[in-house]
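I set down what I looked up, entry by entry.

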Amino acid sequence: GNELDSILRTAIVEQKMFVSVGRVDWTNPQMKATLQKYAKYIILHPRGEFTHQDAALWRTEAIKVIKEIRAQGYTSPIELGTTGYGQTWGTVKRYGAEVAATDPLKNTLFMTQLYSEYAKNVTGTLNEMAAFSSPVNVGSCLFTSPYGNTPTTYKEVWDQTMQRNLSSFY
């Protein structure tokens with residue numbers, strides 16, 4: 001068998017977890033079979049962080065990723081990060097609904113990390129995310145930055161995502 005099958009079996013079957021999968025060969029037949037086997041319990045993360053800041057380019061690339069993944073026959077949710085190393089909420093806010101609408105299965109969610117400049121307005125940004133038309137998975141971390149993140153930002157994000165029924169990761 002393949003190593004990923006063993007890892008997914010442990011995480012999903014034994015530990016009752018949902019798993020985000022990335023950095024795999026989406027076209028490999030053995031990989032496809034494994035991912036389809038656990039399709040109800042995984043989220044596909046087919047594109048890493050978009051390092052650039054070009055929102056229009058992100059839109060184009062995100063639509064392409066959705067098309068490619070669905071053409072391979074995958075049915076699991078697709079998770080897409082945003083621009084600026086996953087930190088620019090404004091890109092998803094501007095183009096996310098349009099990008100999500102291109103998924104024939106209507107099963108796309110977005111991932112953004114709530115630190116940097118957005119950490120200055122956690123409440124307002126999370127309110128926007130909670131009202132957004134597609135699910136948003138919100139990340140934070142414990143580090144201080146000159147862009148707004150403080151040692152307590154992660155706790156503020158954690159508490160407020162729970163209050164808004166938003167998914168979060170750290």
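The entries below begin with the basis of the model and then turn to rings and helix.

**Basis.** I worked from a predicted model, in which local features need pLDDT of at least 70 and side-chain atom pairs count only at pLDDT 80 or more, while totals for chains, interfaces and linings use all residues. Residues are numbered from 1 along each chain as its sequence is written, and side-chain values use heavy atoms, with hydrogens and water left out.

**Ring pairs.** I searched the whole structure and found six aromatic pairs. Rings of Phe, Tyr and Trp (its six-membered ring) pair if their centres lie within 6.5 Å; planes under 30 degrees apart count as stacked, over 60 as edge-to-face and the rest as tilted.

I looked up Phe 18 and Tyr 41, a tilted pair with 6.0 Å centre to centre and 40 degrees between the planes. Phe 18 lies in the loop between helix H1 (3–14) and strand E1 (19–22), and Tyr 41 in the loop between helix H2 (29–37) and strand E2 (42–45), so the pair ties together parts that are 23 residues apart in sequence. Helices (H or I, at least four residues) and strands (E, at least two) are DSSP runs, numbered from the N terminus. I then checked accessibility, where buried means under 20% relative accessible area, exposed over 50%, and partly exposed in between (1.4 Å probe, protein chains only). Phe 18 is exposed at 61%, and Tyr 41 is partly exposed at 36%.

I next examined Trp 58 and Phe 110, whose ring centres are 6.0 Å apart with planes at 50 degrees, so this pair is tilted. It links Trp 58 in helix H3 (residues 55–71) to Phe 110 in strand E4 (residues 108–113), 52 residues apart. Both Trp 58 and Phe 110 are buried. I noted that ring pairs link Phe 50, Trp 58, Trp 89, Phe 110 and Phe 132 into a cluster.

**Helix H1.** Which residues of H1 are buried? I listed Leu 4, Asp 5, Leu 8, Ala 11 and Ile 12. An α-helix has 3.6 residues a turn, so residues three or four places apart point the same way. The face of H1 turned away from its buried side carries the exposed residues Glu 3 and Glu 14.
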